[in-house]
Each structure stands twice: as structure tokens, then as C-alpha cells.
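Here are my notes on the model, point by point. Please read them with the coordinates open.

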Amino acid sequence: MRLIVQMKGVVFMRRVFLCAVLSMLFHATSLAQGMKEQIKISLKHDNDASEAQTKSQLLKLLAQYDLSRFIFTKEIIIDRETIPHSHPVLTLHTRHLKDDDLFLSTFVHEQIHWFFTQHQEQTEQAVKELRTIFPKVPVGFPEGADSEDSTYLHLLVNTLEYRADQELLGELRATIKGH
Ligand SMILES: [Zn+2]
């Protein structure tokens, strides 16, 4: 699920304690060399034009940008009837056909969820520290996620998504996109 949690993002981004976790993504050796070729993109509805176009859009973006460091799962489903989500299989929808930046950012967001589930211990530690800094966080749309845990997790996910956007799209487009 993709939700925008902006609360105090700048403040905690400056905190040194999170650097270890946050920099893992950016300093980790890529697991993804040559991954572009291995990515499997399936359509939920056979012969659906919008899903087929979205698959082409994703393939185009994979060719256009070096996303290798932001890919943590290789199995993707395109489903016009769902909200984008990361688990159990990363699933994207078709509504960003005309907005490459937003589609790219959504894709990276859902991939980053996989990064955090693959680093469970460090994620729990980071959330624990976030809880001491921000004992109260919003829950529910529009400021928070579905649950308190999810809001804390999204403070991490959205920070990395923003950093990835800055790197991939540049500062201006990353900011305009709404973070
Ligand atoms: Zn999310």
C-alpha cells in the first residue's frame, strides 16, 4: 500500500542514528546485476490492453533508468483492479500510464518494502528508535497509514523512496511529485 507520510520527515532524515539502515540501500552491493532481464512481469487479466500497456511502460522505464539497486523482488504482477502493494507478490496497477514519474516512484516504493522485509532486524531497530523520537504518529488517511506500525514503517519506506526519486529523477521532479 502506498501512502504519503510526510510528518517531520526532514527532521528525522537528519538524525544520524538512522543512517546505518538508510544507507544500506545505497551502499549495498547490488544484488541486481543483470536483473532487468530476469524480471518477470505477469498480467492479471489476459488480453487487457491497459495492463499490457503498463507492462510496456515498466519495461521502458527499466531500460531508461538504472533501477538495479532498487530491485529486491523480481516477480511483478500488473492488475488494473488493485491498489499497488508489495506482498505477497509486488503488484502494480494501470492508473499511471500517463505519468512515468509517479509510476516509477510507486514501483520503487513497493520494491523498498521488500528491502525492509529482507532486513527485518535492522528495520525493527529503526522503528523502535523512531518510536522514541515520535511517540505519537498519525494513523489513517491522509496523514498516516492504516496502523501505527504501518505509519512508522512508511516513515522509513517513504524516506528511501524520496531519496531514490532524487537520484533517479533529480531533486525538482522528486519534490514536485509530492514528497
Ligand atoms: Zn507502502
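1. Helices α4 and α5 pack with their axes 11 Å apart, at an angle of about 80 degrees. That makes α4 roughly perpendicular to α5, where angles of 65 to 115 degrees count as roughly perpendicular, under 35 as roughly parallel, over 145 as roughly antiparallel and the rest as oblique. Q57, L58 and L61 of α4 make the contact with D100, F103, L104 and F107 of α5; two residues are in contact if their C-beta atoms, placed from the backbone, lie within 7 Å. The residues of this contact divide into five nonpolar, one polar and one charged. Here Ala, Val, Leu, Ile, Met, Phe, Trp, Tyr, Cys and Pro count as nonpolar, Asp, Glu, Lys and Arg as charged, and the others, Gly among them, as polar. Axes are lines fitted to C-alpha atoms, for helices over the stretch in contact, and angles run from 0 to 180 degrees between N-to-C directions.

2. This is a predicted model, in which local features need pLDDT of at least 70 and side-chain atom pairs count only at pLDDT 80 or more, while totals for chains, interfaces and linings use all residues. Residues are numbered from 1 along each chain as its sequence is written. Helices (H or I, at least four residues) and strands (E, at least two) are DSSP runs, numbered from the N terminus.

3. The protein chain averages a pLDDT of 85, and 78% of the residues score at least 70; pLDDT is the predictor's confidence in each residue, from 0 to 100. Over residues 1–7 the pLDDT is below 50, and this stretch has 21 contacts in the model beyond near neighbours in sequence.

4. Helix α5 (residues 100–117) also packs with helix α7 (residues 148–169), at an angle of about 130 degrees and with the axes 9 Å apart. The two helices α5 and α7 are therefore oblique to each other. Their crossing is right-handed: a crossing is right-handed if the near helix is turned clockwise from the far one by less than a right angle, and left-handed if anticlockwise. From α5 the contact takes D101, L104, S105, V108, H109, I112, H113 and F116, and from α7 it takes L153, L156, V157, L160, E161, A164, D165, L168 and L169. By class, this contact of α5 with α7 has 11 nonpolar, three polar and three charged residues.

5. How far apart are the axes of α6 and α7? They lie 10 Å apart, and the helices pack at an angle of about 110 degrees. Helices α6 and α7 are therefore roughly perpendicular to each other. T123, A126, V127, L130 and R131 of α6 meet Y152, L153, L155 and L156 of α7. Seven nonpolar, one polar and one charged residues form the contact of α6 with α7.

6. The sheet is open, with three strands in the order β1-β2-β3 and parallel pairing; two strands pair if DSSP finds at least two bridges between them. β1 (40–43) and β3 (90–92) are the edge strands, each pairing on one side only. From one strand to the next the twist averages 25 degrees. Strand β2 (residues 75–78) is joined to β3 by three bridges, and I77 has T91 as its bridge partner in β3. Helix α4 (residues 49–64) packs on the sheet and touches β1, β2 and β3, its direction making about 165 degrees with that of β1.

7. Some backbone details in the loops deserve a check. Most residues other than glycine have a negative phi, and most peptide bonds are trans. The peptide bond from H87 to P88 is cis, with omega near 0 degrees, and P88 is in the loop between β2 and β3. Another cis peptide bond joins F141 and P142, with omega about 5 degrees; P142 sits in the loop between α6 (120–133) and α7. N47, in the loop between β1 and α4, has a positive phi, near 65 degrees.
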